[in-house]
Amino acid sequence: MTLPDTAGRLTPGAPLAPLVWFKAGGPAEYLLEPKAVDDLSAFLRGLDRQVPVMALGLGSNLIVRDGGVPGVVVRLGKPFAYARPGEGYLMTCGGGTSGILVSSNARDAGIGGLEFLRSIPGTVGGFVRMNGGAYGREVADVLVSATVVRRDGTVETLGAADLAYTYRHSNLTDGTVVVEATFKGYAAEPQAIQAEMDRIAAAREASQPLRSRTGGSTFKNPEGHKAWALVDAAGCRGLTRGDAQVSEKHCNFLLNLGNATASEIEALGEQVREKVKAQSGISLEWEIQRVGIAK
């Protein structure tokens, strides 16, 4: 495969397991860490249209299959990790920025309403694409606009309405990379913002297995139901497959207890789906993205 030049870093056969929360899965055929938006745009413009492209954030909501990911995986590093306050209680943030940095910088600027982003274990690019949410709020509630680089290298700025948000979903096509987003909050005292961030952090710590190798919420909440309750009612709490386990602390989380393969983690999730379907008649949908080639 002939690849365009880049001012950033392009690594063939890059291991992805160290970059994802499950610490499992195969390599990227190529890992691109662009230096700037125009660098990414030029690279994608020059890349053969048949080559698949996938963006990778913190890898918190992702199963990378053991055969690895074909094509180019784009990871936005330090040049895309910023969160800048602006007039009108706006925060403009790079696609590689963590939710914690967004909410912390908003706090320092006296901008409230973005505290919930602290609890989303991912980057701006990921949670803008997936309409990430927690504690009663979601990205659709606060997003003003997002700048994206399309698969053909075109750079576009889209309004929130253009993304056609639904629950944990946008209409952004495969290969589109979110490079910047602007969120709108409201005036608030930094102490009150910090108190809300602390409340959210404590609630997560108490209910979720944050110190484990996990992928966050595994299944979407079906209309009128909580996924964890359906999983629990189907007798799946603590269920194992190899070194993969359904968390006993929060059974909508899967864990890698040590050396689980991606296939074991995914197969355990499918086993849970079967048990829930048999017990309740409800078909759970994956919230975790599963990418790459099974091995």
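Student: How many bridges join strand S11 to S13, and do they run parallel or antiparallel?
Tutor: This is a predicted model, and in it six bridges join S11 (residues 143–149) to S13, the two running antiparallel. Within this pairing, Val148 stands opposite Val178 in S13.

Student: What makes S11 and S13 a pair?
Tutor: Pairing requires at least two bridges. S11 and S13 are joined by six bridges, so they count as paired by that rule.

Student: Which order do the strands take in the open sheet of five strands?
Tutor: The order is S6-S7-S13-S11-S12, with antiparallel pairing. On average, neighbouring strands of this sheet are turned by 20° against each other, direction ignored.

Student: Why are S6 and S12 said to stand at the edges?
Tutor: Strand S6 (83–86) and S12 each have a single partner strand, so one side of each is left without a neighbour in the sheet.

Student: Which helices touch strands of this sheet?
Tutor: H1 packs on the sheet, touching S11, S12 and S13, and its direction makes about 50° with that of S11. H2 lies across S6, strand S7 (90–94) and S13, running at about 150° to S7.

Student: Why is H2 called roughly antiparallel to H4?
Tutor: The axes of H2 (residues 99–108) and H4 (residues 190–207) come within 8 Å and cross at roughly 155°. Angles over 145 degrees count as roughly antiparallel, which means that H2 is roughly antiparallel to H4.

Student: Which residues of H2 and H4 meet?
Tutor: From H2 they are Ser103, Ser104, Ala106 and Arg107, and from H4 they are Pro190, Ile193, Gln194 and Met197. These residues divide into four nonpolar, three polar and one charged.

Student: How do you know that strand S1 and strand S2 are paired?
Tutor: S1 (residues 9–15) and S2 (residues 27–33) share six bridges in the antiparallel sense, against a requirement of at least two bridges.

Student: How many bridges join S2 to strand S5, and are the two parallel or antiparallel?
Tutor: Four bridges join S2 to S5 (residues 69–75), and the two run parallel. Here Leu31 has Val73 in S5 as its bridge partner.

Student: What is the order of the open sheet of four strands, and which are its edge strands?
Tutor: The order is S15-S18-S17-S16, with antiparallel pairing. Strand S15 (213–217) and strand S16 (240–241) are the edge strands, since each pairs on one side only.

Student: What makes strand S17 and strand S18 a pair?
Tutor: The two strands, S17 (residues 244–246) and S18 (residues 253–256), pair in the antiparallel sense over three bridges, where at least two bridges are needed. In S18, Leu255 is the bridge partner of Gln245. Helix H6 (residues 262–280) lies across S16, S17 and S18, at about 30° to S17.

Student: Why is Asp38 called exposed?
Tutor: Its relative accessible area is 58%, and exposed means over 50%. Asp38 is therefore exposed. The residue is located in helix H1 (residues 37–46).

Student: Why is Asp162 called partly exposed?
Tutor: Asp162 has a relative accessible area of 43%. Buried means under 20% and exposed means over 50%, with partly exposed in between, so Asp162 is partly exposed. Asp162 lies in the loop between strand S12 (155–159) and strand S13 (177–184).

Student: Why is Lys220 called buried?
Tutor: The relative accessible area of Lys220 is 17%, and buried means under 20%; Lys220 is therefore buried. It is found in the loop between S15 and helix H5 (227–233). Leaving aside neighbours within four places in sequence, the contacts of Lys220 include Tyr167, Arg168 and Trp286.

Student: How do you know that Cys236 is in no disulfide?
Tutor: The nearest cysteine sulfur, that of Cys251, is 8.1 Å away, whereas a disulfide requires sulfur atoms within 2.5 Å. By this rule the count comes to zero disulfides.

Student: Is Cys236 buried or exposed?
Tutor: Cys236 is buried, at 0% relative accessibility. Cys93 is also buried, with a relative accessible area of 0%.

Key:
Residues are numbered from 1 along each chain as its sequence is written. This is a predicted model: local features need pLDDT of at least 70, side-chain atom pairs count only at pLDDT 80 or more; totals for chains, interfaces and linings use all residues. Side-chain values use heavy atoms; hydrogens and water are left out. Axes are lines fitted to C-alpha atoms, for helices over the stretch in contact, and angles run from 0 to 180 degrees between N-to-C directions. Angles under 35 degrees count as roughly parallel, over 145 as roughly antiparallel, 65 to 115 as roughly perpendicular and the rest as oblique. Contact means heavy atoms within 4.5 Å. Ala, Val, Leu, Ile, Met, Phe, Trp, Tyr, Cys and Pro count as nonpolar, Asp, Glu, Lys and Arg as charged, and the others, Gly among them, as polar. Buried means under 20% relative accessible area, exposed over 50%, partly exposed in between (1.4 Å probe, protein chains only).
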